[in-house]
Amino acid sequence: MKTLKLTSPLMRSDMVLAVQKKLRVRTDGVYGPVTAGAVKRWKWAFGYHKKFVNQDFTASDYAYLFATRPKTALMKVRTSRRSRKPAPPVSAQSKALKIMQTWAAQGLKEQPAGSNKVPRLHDIAKAKGISTYYSNMGYPWCAFAVMLAAHNAGSSTAKAGFAGKFNVLYVPDIEAQARSGRHGMRLVGWPDARPGDFLTFNWDGGVPDHIGMLVGTEVGYAVTVEGNTSSSTGGSQSNGGGVYIRHRDRSVIQSIIRWT
């Protein structure tokens, strides 16, 4: 079977429907953030090793979920241990990533096209009391999207940015602050990257052109969710007008930023 994962556009199939029924989530046949999150929680509860607890659903996962392959002894031990422990707290990065994935699933786009204004993001920022200087939009908004998601997740980094302590809308300044270890940000290497980290992208040398949020890494590339990009390589990558799940070659990733 084909591995189910978060893509843009989202994957649809009868297999997704079967997985949704088994995990008792909304049965719409679409492999979106809710279903992917349910898969990750199931893997944890089922006793997978933590390095395999992710949002993808493979043929091997199918065998365990539908009981065509028996649970291993180690899985049983992990399940027993985890059932006796309280669930770990959800980090701000995990919360922000879920927010971004939801925006991608909802198909948030500029209205009207080319305006650099996304009504839904404006409404969210306004409800959070963020200054109209930011919430009214009208500017390139890739950084605004990731910082707004982080702000909604309780990020001290994003709150500092929206309070004017650094240029929350300018990717080169965000990266510069991280390089200096300011406002709860720091740079991390590819082996240490984790979901929810900010990624800056550079298409043609010089300062970074674009920013997004990491969903996960694979060999040679990253799965990301980004604002103000295109759904494919056919449009503008830094001013594409929507929130999309993307696959980015490692060569265009300039920095990985951990934030608080």
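Are R258 and D197 buried or exposed? Both residues are buried, where buried means under 20% relative accessible area, exposed means over 50%, and partly exposed lies in between (1.4 Å probe, protein chains only). The structure is a predicted model, in which local features need pLDDT of at least 70, side-chain atom pairs count only at pLDDT 80 or more, and totals for chains, interfaces and linings use all residues. Residues are numbered from 1 along each chain as its sequence is written, and side-chain values use heavy atoms, with hydrogens and water left out.

The side chains of R258 and D197 meet in a salt bridge, with 2.6 Å from N to O. A salt bridge is here a side-chain nitrogen of Lys or Arg within 4 Å of a carboxyl oxygen of Asp or Glu. R258 belongs to strand β8 (residues 253-258) and D197 to the loop between β3 (186-188) and β4 (198-201), so the pair ties together parts that are 61 residues apart in sequence. Helices (H or I, at least four residues) and strands (E, at least two) are DSSP runs, numbered from the N terminus.

The structure holds four salt bridges. One of them joins K43 to D61, and their closest N and O atoms are 3.2 Å apart. This pair links distant parts of the chain, with K43 in helix α2 and D61 in helix α3, 18 residues apart. K43 is buried, as is D61. Another salt bridge joins R179 to E175, with 3.7 Å between the closest N and O atoms. R179 and E175 are separated by about one helical turn because they stand four residues apart in helix α10. R179 is exposed, at a relative accessible area of 53%, whereas E175 is buried, at 5%.

D56 presents a charged residue without such a partner. It lies in the loop between α2 (33-46) and α3 (59-65). D56 is buried yet has no salt bridge, and the nearest side chain of opposite charge, that of K5, is 4.4 Å away. Not counting residues up to four places away in sequence, D56 touches T3, L4, K5, Y31, V39, K43, D61 and E218; contact means heavy atoms within 4.5 Å.

The nonpolar interior comes next. A nonpolar core is a set of buried Ala, Val, Leu, Ile, Met, Phe, Trp, Tyr and Cys residues joined through side-chain atoms within 4.5 Å. The largest has 46 residues, and those with the most contacts inside it are W103, L121, W141, F144, M147, F198 and V225. The elements that give two or more residues to this core are α5 (92-106), α6 (119-127), α8 (142-152), α9 (156-162), α10 (171-179), β5 (210-218), β6 (221-229) and β7 (242-249). The largest share, nine residues, comes from α8. A second, separate core of 19 residues includes L23, Y31, A38 and F57.

Helix α8 is largely enclosed by the rest of the structure, because 10 of its 11 residues are buried. The buried residues of α8 are C142, A143, F144, A145, V146, M147, L148, A149, A150 and H151. After α8 comes G154, whose phi is positive, near 95°. W103, leaving aside its neighbours within four places in sequence, is in contact with L108, L121, I124, A145, L148, A149 and V243.

Several backbone features complete the picture. The peptide bond from S8 to P9 is cis, with omega near 0°, and P9 lies in the segment before β1 (11-12). A cis peptide bond also joins Q111 and P112, with omega about -5°; P112 lies in the loop between α5 and α6.

Positive phi values also occur in residues other than glycine. Phi of R24 is near 60°, and R24 is found in the loop between α1 (14-23) and β2 (30-31). R24 counts as exposed, at 78% relative accessibility. N228 has a positive phi of about 55° and is placed in strand β6. N228 is buried, with a relative accessible area of 0%.

How values were computed:
Lys and Arg count as positive and Asp and Glu as negative; His and the chain ends are not counted.
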